[in-house]
Amino acid sequence: MQLADAIRPRLRINGHHHRVLARWQVGNRQLAQAVSLAVVAVVMIPIAYLVLGAVSAGQEGIDYLIRARTLRIVGNSISLMTAATLLATLIAVPFAWLTSRSDLPWRRAWLALGLAAMVIPSYLTAVTYTEAFGPKGVLQSLLEPFGVDRLPPIKGFAGATLTLTVVTFPYIVLPVRAALLHCDRSLEEAGQSLGLNRWGVFRQIILPQLRPALSAGMLMTALYCLSDFGAVAVMHFNAFTRAIFIQTESYRMDKASVLALLLVGMTLVLLLLHSRMQIRGRHYRVGVGASRHLELLPLGRWKAPALIFCASIVFLGVVIPLLVLFKWLLGHTLTNPIQVPLNLLIHNTVGVSAVSALVVTLAAFPLALLAARGATRFNRWLVNVAYAGNVLPGIVIALALVMFATQNMLSIYQTLPLLIIGYAIRYLPFSIGATESAFAQINPRYEEAARSLGLSPWAALARITVPLARGGILAGLALVFLNVMKELPTTLILRPIGFRTFATRIWSAYDEAFLSSVALPGLALILVSAFALAIILRREEAIS
Amino acid sequence: MSIQRLASLLLAAALCCFVVAPALGDDVLTVYSGRNESLIGPILAQFTEDTGIETEILYGGTSAVANQILTEGENSPADVFIAQDGGALGALAAADMLHKLPAATIARVANEAFVSPDGVWTGLSGRARVFVYSPESLDEHGLELPNSIHDLTGEEWRGLVGWAPANASFVSNVTAMRVLLGEEETAAWLAGMIANGVQAYPKNTPIVQATIDGEVVGGLVNHYYLFRFLAEDPDITATLHFFPAGDLGSLINAAGAAILKSTDQPYDALALVDYLLSDTAQAYFAQTTYEYPLVASVEPSVDLPALADIETPEIDLSDLADLQGTLTMIEESGALD
């Protein structure tokens, strides 16, 4: 069970919550379990087909697995993940500190602009970087007067690392900043009174308190890097996802499954290592402590460098992508003979994302209920399997579903339902997590009181618990919506014939250098995503 | 905006998606196209407008789509396969998946080199492999035009050449090389190009763009992509070089079409193939995509050497069927890494 526990972020629930389930009528519990079981069965399909596909490769598969080229893919993925995660951490920690604990001017604006990098999908950031930093790109033309004729190619390791660093650093900023805001001030004061200087306080007192948040954020970044397809595909860096895509395109499903299984294995190893390294120490305050306002540290002569630092991050993450997209939109680029009306793209993208978000939220509901209210061994197992999406990159899910549909259910091959199932498996953890934590925050006594006043268990759930958990459920919904909208590899592989979304349009237009056809859907996607993210962040704000 | 209002908005959008989504009937002709939508999409739309036959079209790389049909086998929903090159069509012919075409359809094509010997596929438009280059960049680097694609492995071209290693036209070019020069020499050329820092692009158009931008001096492409750029900006100086003396870099190939044996709409499928060989469609290929029309009654529209004047290597297009073998060789060479 340790592996399964590692997949799933732990949530501490007070013991007394669990007893509610025992009072449910047996029939209701069984209903929740039955629905959960059905959802979990769907999640298991791709895993089963992946294993079958890899096994069918037989000896050939084993030879393929251990040849030098495959090992190089492993090396590529590991080095990309390591480099991007470390770089993202190096940027994220000072950025989080500056925007929460220093007297940096316009802190909230810097924070919002820095986090805005999250709404730009990795493939979009990557294509704009090829234009900005390419051998004859914008940067080179600015350096031309200084005698720089051409820059070294951005494609490859450098470009992939740069892109992933920029798009993932917000995933570290968010938890670290939250931890910084909740640090125990009295410890710092004690440190100072014992003669530590500012740096000493940071290193010896603040940093250790940040470790849980840092490790969670870094894990998320590392998982993102392993599963990301867009950046490595655009940057021609042969990490796992790109190699799997190439094999899938050539319909060599056995080789693709071997690679996919290896990738899933690596992800699991990463999670296991992470759970082993979890620091067992105590990071919360024991005493009540004196509550006091967080004191902002004056930056003094470091103010200018700090401003330059924040500005550079915002410039890389948001300004460059937007500038390049506007340049393509307004400048002269090759005209795409295929014009797709923007409203059709909006209709398809928003439509499929909304339906998927609803499907995922509904599927997550019984599982979240079991997780929060019914901690039997069997239920825990169900919920852990439902978290499989965390270790299955989109390309892997798509590959497995193609194998399943072509071999067994041709009627759903290349249909919207299959695409939505793909999204659901990938993003189910997001929704379960949000819904489960919302349930866990509600005192089960409210429900018990409603029951004692004569409501049936389901009525109590519907009239008491669900309305109270509404915020969390909707935040999960918005999170799934945001991610489905940006999703590329699953969409490319599972979409019905002729079905276009922002992501597929951007992808195919970039392939053929129709840059103005990249720009318009790109900008529209950023706008809609920013809107969804604003809602999620406002919700987080409300919680904290 | 409140979360409730967002939720109702999402719900409304979701309903829209399901209710408005067009129901797909069984009488829709399913076309699998290995040609880019930007090249073939407009004429397929014209076909529907002129004949009333509805189509749904899957676009993908030619090798990918051919492999997909091979994998789907008898279950393939595809009625018609449109390919970027004869090799992929040959691969399906070898698997006995193609319907024989009527003699009258085949007879439209003037040169029998561009139809299948068994009459199971027909060429639609001709194209030549060429070296697109920028004369300014060539001078700047003190280079001379290559006489053969083998020259491009020379040190003086280090990092200055572009190719699209996963593209079907390139794949069939490499297949031709395997047929004419053998496995060893082909693998050596691929390795030489990679060792020489060749720049990889996803498709042909970005190579032309990179040539215009000066990112590379030149690249291995099909002839027609440059004319798209010239049509929008006549001041572009990039130009085409045809490798002389039957060099493999000047392979002439044909985009083509075939009807799947498993089709349930053979008549509509044939109507589409005949339409693509009609004067209307052939004039479209000549004037809009700048390819070589293959029927005698339509002339090429841009200033190009006549097909017969290009010194192309002697090869039978149906011999280029070993798609998988070439894909494996390209992959093993490290070109896709």
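**Exercise 1. Confidence in chain B**

*Solution.* 
Step 1: Start with the whole chain. The mean pLDDT of chain B is 83, and 92% of its residues reach 70 or more.

Step 2: Look at one stretch more carefully. Over residues 15-25 of chain B, pLDDT stays under 50. The model has seven contacts beyond four places in sequence for this stretch.

Step 3: Draw the lesson. Where pLDDT is low, the predicted coordinates should not be read in detail.

**Exercise 2. Two chains meet**

Describe the side of chain A that touches chain B by its elements and by its residue classes.

*Solution.* 
Step 1: Count both sides. Chain A gives 36 residues to the contact and chain B gives 41 residues.

Step 2: Name the elements. On the chain A side, at least two residues each come from helix H13 (240-249), helix H16 (342-373) and helix H21 (457-486) of chain A. H16(A) gives the most, with eight residues.

Step 3: Sort by class. This side of chain A has 21 nonpolar, eleven polar and four charged residues.

Step 4: The complex is given an ipTM of 0.79 and a pTM of 0.83.

**Exercise 3. Domains of chain A, and a helix pair**

Work out which helix gives the most to the side of domain 1 of chain A that touches domain 2 of chain A, then describe how H14(A) and H18(A) cross.

*Solution.* 
Step 1: Chain A is assigned domain 1 (15-52 + 346-499) and domain 2 (57-278 + 303-320). Their centres, taken over C-alpha atoms, are separated by 28 Å.

Step 2: Examine the contact. It joins 15 residues of domain 1 of chain A to 21 residues of domain 2 of chain A. On the domain 1 side, the elements giving two or more residues are helix H3 (26-56), H18 and helix H22 (489-494) of chain A. H18(A) gives the most, with five residues.

Step 3: Sort the domain 1 side by class. There are twelve nonpolar, two polar and one charged residues.

Step 4: Turn to the helix pair. The axes of helix H14 (residues 253-277) of chain A and helix H18 (residues 394-408) of chain A come within 10 Å and cross at roughly 140°. An angle has to be over 145 degrees to count as roughly antiparallel, so H14(A) and H18(A) are oblique to each other. Their crossing is left-handed.

Step 5: List the partners. Met253(A), Ala256(A), Ser257(A), Ala260(A), Leu263(A) and Val264(A) of H14(A) meet Val396(A), Leu399(A) and Met403(A) of H18(A). By class, this contact has eight nonpolar, one polar and no charged residues.

**Exercise 4. Domains of chain B**

Describe the side of domain 1 of chain B that touches domain 2 of chain B.

*Solution.* 
Step 1: Chain B is divided into domain 1 (25-124 + 253-305) and domain 2 (128-251 + 325-333), with 26 Å between their centres, taken over C-alpha atoms.

Step 2: Count the contact. Domain 1 of chain B gives 16 residues and domain 2 of chain B gives twelve residues.

Step 3: Name the elements. On the domain 1 side, helix H3 (62-72) and helix H4 (86-94) of chain B are the elements that give two or more residues. The largest share, three residues, comes from H4(B).

Step 4: Sort by class. This domain 1 side has five nonpolar, nine polar and two charged residues.

How values were computed. Residues numbered from 1 in each chain as written. Chains lettered and ligands numbered in written order. Predicted model: local features only at pLDDT ≥ 70, side-chain atom pairs only at ≥ 80, totals over all residues. pLDDT = per-residue confidence, 0-100. Contact = placed C-beta atoms within 7 Å. Domains from an automatic or database assignment. Helix = DSSP H or I, 4+ residues; strand = E, 2+ residues; numbered from the N terminus. Nonpolar A, V, L, I, M, F, W, Y, C, P; charged D, E, K, R; others polar. Axes fitted to C-alpha atoms, helices over the stretch in contact; angles between N-to-C directions. Parallel < 35°, antiparallel > 145°, perpendicular 65-115°, else oblique. Left-handed = near helix turned anticlockwise from the far one by under 90°.
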